Amino acid sequence: MATRAVPRALRASNIFSTATRPTIPILSSSQRAFHISATRLQKKKKNTTTTTTPTPGAGAFARTDDSITVEYPEDSSQLPSSQPVDSGIGRAGQNVFPTLATFSLQGKVGVVTGGARGLGLVMGQGIVVSGGDLAIVDLNKEEATKQAQNIVETFKKDYPSAKKIPKVTAHYADVSDPASVDACIAEIVAEHGKIDNLVTSAGFTENFEAVNYPVDRMRKLWGVNVDGTYLFATAIARHLMGRNSPGSLVFIGSMSGSIVNVPQPQTPYNASKAAVRHLAASFAVEWAKAGIRVNCISPGYMLTALTKKILDENPDLKEKWTSLIPQGQMGNPEDLMGPVTFLLSDASRYVTGADLRVDGGYTCT
């Protein structure tokens, strides 16, 4: 299979946690069909032997397909710009229903990596709607700046009588580079005075058969997905410990860290998300004595703007994916606003080391 240049760390404009963008040759109808293998009983003298003769195509529905690849933009600036979503509350003329005070993020400063697009942008907006201040971190500083302004303007429209306007800032970081991460953390602290929460949404994937996947590309993928999570988490943990302050960190994993997706092959990505999930559990135990909670959210197939475009061009792929989801539909980015707010807030203060799967039941089957 021909190789292509590794894309820059695509942010949260993704299908899973952080980016699976199929432009895919679709399986034939015969490959999609379930087949039941016939069992023949053969008797030889006194012994009884059971053999199975597979029907052609048997098991194909649950296998990966090496012909499936994903075409990525060479530069993240080619991706469509995301728009803040309607949070469904607070808009002028609508009723605002009471909720538990512990869900509030007032007085907290949250950092979202990969926060300029897609899922990361929506989760960052959820932090703001819940009362927190926000630092958006992304490779694309220009897009992050634009979205920081959009979030503030959307908040003003939704809450015209709000006494406090949230502070939303934009910051550059290559999450796989320790020096870049440290510089970014220092800049955020200088602007906001502190950091309380973290959401690690930066990441990307490639659908590529493992036997031909170049090792340098695998290292790039792990550098963003795993190293980036580790570097930001440990840097913010040091900051919290230095302040002798509690905090809550939420890693964006994927259902792919628990199951194997079909039909697209993506072994390196799946392994990286399994690592993210176990990082959360391990940090949770190690940092519990410091009052730092660490949890993981594992999204399933999510309908970002880019995903919608891809699936509009490949309706058979959408049918294949949704056929495996008990709820029968893919998730929307705003479906992550509640889970991330819950895990960042005091409403989950006795929850740490958990993996919250937001996948419509995909991993239950």
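Val-122, Met-123, Gln-125, Gly-126 and Ile-127 in helix H2 meet Met-337, Val-340, Thr-341 and Leu-344 in helix H9, where contact means heavy atoms within 4.5 Å. By class, this contact of H2 with H9 has six nonpolar, three polar and no charged residues, with Ala, Val, Leu, Ile, Met, Phe, Trp, Tyr, Cys and Pro counted as nonpolar, Asp, Glu, Lys and Arg as charged, and the others, Gly among them, as polar. The model is a predicted one, in which local features need pLDDT of at least 70 and side-chain atom pairs count only at pLDDT 80 or more, while totals for chains, interfaces and linings use all residues. Residues are numbered from 1 along each chain as its sequence is written, and side-chain values use heavy atoms, with hydrogens and water left out.

**The chain as a whole**

- The protein chain has nine helices and nine strands, which are DSSP runs numbered from the N terminus (helices are H or I with at least four residues, strands are E with at least two).
- Of the 365 residues of the protein chain, 52% count as buried, a term that means under 20% relative accessible area, whereas exposed means over 50% and partly exposed lies in between (1.4 Å probe, protein chains only).
- Among contacts between residues at least 6 apart in sequence, 77% join residues that are at least 24 apart.

**How H2 and H9 pack**

- Two packed helices are described by the angle between their axes and the distance between the axes.
- Helix H2 (residues 118-129) and helix H9 (residues 337-344) pack at an angle of about 55°, with their axes 9 Å apart, and that makes H2 oblique to H9.
- Angles under 35 degrees count as roughly parallel, over 145 as roughly antiparallel, 65 to 115 as roughly perpendicular and the rest as oblique.
- The crossing of H2 and H9 is right-handed, which is the name used if the near helix is turned clockwise from the far one by less than a right angle, and left-handed if anticlockwise.

**How H5 and H6 pack**

- Helix H5 (residues 215-243) and helix H6 pack at an angle of about 15°, with their axes 9 Å apart, and H5 and H6 are therefore roughly parallel to each other.
- H5 passes H6 in a right-handed crossing, and the residues of this contact divide into 16 nonpolar, four polar and one charged.
- The residues that meet include Leu-221, Trp-222 and Tyr-230 in H5, and Tyr-269, Lys-273 and Phe-283 in H6.
- Lys-273 has its place in H6 (residues 267-287) and, at 1% relative accessibility, counts as buried.
- The C-alpha atoms of Lys-273 and Ser-256, which are 17 residues apart along the chain, are separated by 6.5 Å.

**Helix H8 and Thr-322**

- The buried residues of H8 are Leu-317, Lys-320, Trp-321 and Thr-322, and these buried residues pack against helix H7 (305-313).
- Thr-322 lies in helix H8 (residues 315-323) and is buried, with a relative accessible area of 17%.
- A polar atom of the side chain of Thr-322 lies 3.3 Å from the backbone oxygen of Glu-319.
- Not counting residues up to four places away in sequence, Thr-322 touches Gly-328, Gln-329 and Met-330.

**Strand E4 and Asp-138**

- Asp-138 is found in strand E4 (residues 133-138) and is buried, with a relative accessible area of 3%.
- A polar atom of the side chain of Asp-138 lies 2.9 Å from the backbone nitrogen of Asn-140.

Key: Axes are lines fitted to C-alpha atoms, for helices over the stretch in contact, and angles run from 0 to 180 degrees between N-to-C directions. A polar contact is a pair of N or O atoms within 3.5 Å; within protein, one must be able to donate a hydrogen and the other to accept it, and residues adjacent in sequence count only if both atoms are side-chain atoms.
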